[in-house]
Amino acid sequence: MVVNDQFSQSDYYDQQFSKCAVNAQRFSNIEFEQCQFIECDFSDSQFSNCRFIECEFINCNLSDLNWGYSALEDVSFVDCKLNSIQWAQVNWPQLALTSSVSFKNCQLSHSSFYELVLKKLTMTGCFAKDVDFRHANLAASNFSDTDFRDSLFHQTHLSKANFVGATNFNIDIKNNNVSNAKFERCEALNLLSGLDIELVD
């Protein structure tokens with residue numbers, strides 16, 4: 001992995017980066033505040049001990065990215081590719097009351113949120129195939145219109161979560177907390193798949 005010199009400063013404020021093709025690069029100890037990244041390619045790269053504050057990624061490719069214990073504070077991802085990412089590599093804020101990231105219309109497949117605390121997470125209109133949500137606390141999150149095919153939920157805290165419009169989820173109500181969560185009536189039948197019962201018309 002090459003250490004990249006494109007971001008030569010140690011901090012950037014209120015700047016826009018557009019169409020940066022810097023895949024398979026390494027960036028260390030840089031702080032970005034209120035910056036916007038548009039159509040950038042950071043795939044297979046590493047952000048090591050960086051900090052992103054109130055930043056926005058739009059239509060970027062960040063698949064196979066290593067966050068390298070970087071901090072994300074109020075960061076949004078829109079129309080981005082975020083496949084095959086271990087989100088435990090992020091330096092998450094301690095005792096946060098709400099999630100410090102949001103995802104809209106993103107690809108998040110083959111990624112892991114295992115054991116993370118991301119209350120009130122926004123993950124709307126996303127494609128989240130084969131994602132590991134086991135033992136995560138995602139209470140009061142908004143998962144509307146997201147496709148969860150082949151994703152794993154086990155002992156996941158999903159109380160008050162919004163699954164309206166979400167599809168292909170397999171959530172065992174005996175092993176997950178779904179109290180006061182919202183589901184569309186037709187899709188809610190998926191919640192019964194783990195019970196030893198027979199459904200008839």
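## Contacts around S10

Contact here means that heavy atoms lie within 4.5 Å. In this predicted model, S10 is in contact with N29, I30 and E31, leaving aside its neighbours within four places in sequence. S10 sits in the loop between β1 (2-3) and β2 (11-13).

Is S10 buried, exposed or partly exposed? Its relative accessibility is 48%, so S10 counts as partly exposed, given that this class runs between the 20% limit for buried and the 50% limit for exposed. S10 and S28 are 18 residues apart along the chain, and their C-alpha atoms are separated by 8.7 Å.

## The chain as a whole

The protein chain has 13 strands and 0 helices.

Of the 201 residues in the protein chain, 47% are buried. The accessible surface of the chain comes to about 10,100 Å², and carbon and sulfur atoms hold 42% of that surface. Among contacts in the chain with a separation of 6 or more, 12% are between residues 24 or more positions apart.

## S48 in a strand

S48 belongs to strand β7, which covers residues 46-48. S48 has a relative accessible area of 9% and is therefore buried, the limit for that class being under 20%.

Which residues does S48 contact, leaving aside its neighbours within four places in sequence? They are R26, F27, S28, N29, W67, G68 and S70.

## The nonpolar core

The largest nonpolar core holds 57 residues. Those touching the most other members are F37, F42, F52, W67, F77, W87 and F103. Strands β11 (75-78) and β12 (101-104) each supply at least two residues of this core.

F52 can be followed in detail. Not counting residues up to four places away in sequence, F52 touches F32, F37, F47, F57, W67, A71, L72, E73 and V75. One of these, W67, is also in contact with S48.

## The largest pocket

Rolling a probe the size of a water molecule over the atoms shows where empty space is left. The largest pocket has a volume of about 220 Å³. Its lining consists of 13 residues, and W92, P93, Q94, L95 and V117 lie nearest the centre of the pocket.

How many nonpolar, polar and charged residues does the lining have? By class, the lining of the largest pocket has 8 nonpolar and 5 polar residues, with no charged residues.

Conventions:
Residues are numbered from 1 along each chain as its sequence is written. This is a predicted model: local features need pLDDT of at least 70, side-chain atom pairs count only at pLDDT 80 or more; totals for chains, interfaces and linings use all residues. Side-chain values use heavy atoms; hydrogens and water are left out. On a 1 Å grid over the protein atoms alone, a cavity is a set of points where a 1.4 Å probe fits but cannot get out, and a pocket is an open set with protein on both sides within 12 Å along at least five of seven lines; lining residues have an atom within 4 Å of a point. Grid points are joined across faces, edges and corners, and a volume is the space filled by probe spheres set on the points. Ala, Val, Leu, Ile, Met, Phe, Trp, Tyr, Cys and Pro count as nonpolar, Asp, Glu, Lys and Arg as charged, and the others, Gly among them, as polar. A nonpolar core is a set of buried Ala, Val, Leu, Ile, Met, Phe, Trp, Tyr and Cys residues joined through side-chain atoms within 4.5 Å. Buried means under 20% relative accessible area, exposed over 50%, partly exposed in between (1.4 Å probe, protein chains only). Helices (H or I, at least four residues) and strands (E, at least two) are DSSP runs, numbered from the N terminus. Accessible areas come from the Shrake-Rupley method with a 1.4 Å probe; for residues, only the protein chains shown count as cover.
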